[in-house]
Amino acid sequence: MGDVSGGDAVVGQRAPATSDALRDATSEASVAEGVRTEPVAACAPDDARCPCGFVRSVARELAYNAGRARGALIFDLAVLAFCFVGFCGNEYALKPFAAAVFPDSPVAYLVQCHLNDFLGGAAFLAYTNMLLDLVRPDMRIRRLTTSVVYLFLCGIFWEYAAPLFVKASTADPLDLLAYMTGAAAYWLAGSPWTRRSY
């Protein structure tokens, strides 16, 4: 009796270990090497750590910000479209017309040398504000002074730093003035809701 109960005790001790260790040879080898064998759960669609979740959260934030700044975004897109049409019209119509009709006049000089810079100042400010509205609507450039100073600083780079790298470009203080005038025109044309605080 004692031997049988002792044998039963041995079997009883080994049985749970055997049942816990029911694995195939590959799993046992993986466990011995310390390799994780549990299946990795797919990330939840709304989990910010998941790439698809990150993209969805960014898209939601952009859509929310666009909704907050809807009027300002429409204005900026309209300014960009106007400046694009104005640039093309200046290049292909106004410049040839001014050169033919007013060959040596100040009007021809301004059209040929500075009108595109004026349009560029307005377009660049519209583009900057459009990006800010999508990311941080409360950071939108709304004041005249800020608009002009911003384009002045950009113009300093374009007119005086860029010629160091681009051989064909030359510095022109009147271009700098044209950028700033374009920024002022952009601000003056802006509807009141583009300058409201959020």
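Reply: Glu91 and Lys95 both lie in helix H4 (residues 70–101), 4 residues apart, about one turn of the helix; helices here are DSSP runs (H or I, at least four residues; strands are E, at least two), numbered from the N terminus. The model is a predicted one, in which local features need pLDDT of at least 70, side-chain atom pairs count only at pLDDT 80 or more, and totals for chains, interfaces and linings use all residues. Residues are numbered from 1 along each chain as its sequence is written, and side-chain values use heavy atoms, with hydrogens and water left out.

Me: What makes Glu91 and Lys95 a salt bridge?

Reply: The term asks for a side-chain nitrogen of Lys or Arg within 4 Å of a carboxyl oxygen of Asp or Glu; the closest N and O atoms of Glu91 and Lys95 are 2.8 Å apart, so the pair qualifies. Side chains of opposite charge can pair when their charged atoms come close.

Me: Why is Glu91 called partly exposed?

Reply: Buried means under 20% relative accessible area, exposed over 50%, and partly exposed in between (1.4 Å probe, protein chains only). Glu91 has a relative accessible area of 29%, and therefore falls in the middle class.

Me: How do you know whether Arg140 and Asp133 are buried or exposed?

Reply: Arg140 has 4% relative accessibility, so it counts as buried, and Asp133, with a relative accessible area of 0%, is therefore buried as well. These two residues form a salt bridge, their closest N and O atoms being 2.6 Å apart.

Me: Why are Asp138 and Arg136 described as partly exposed?

Reply: Asp138 has a relative accessible area of 37%, which puts it in the partly exposed class, and Arg136, at 43%, is partly exposed too. Asp138 forms a salt bridge with Arg136, the closest N and O atoms being 3.1 Å apart. Elsewhere, salt bridges that share partners join Asp76, Asp133 and Arg140 into one network, and a search of the whole structure finds 4 salt bridges.

Me: What makes Val55 exposed?

Reply: Val55, whose place is in helix H3, has 53% relative accessibility and therefore counts as exposed.

Me: Which residues of H3 and H6 are said to meet, and how do you know?

Reply: Contact means heavy atoms within 4.5 Å, and by that test Glu61, Leu62, Asn65 and Ala66 in H3 meet Asp133, Leu134 and Val135 in H6.
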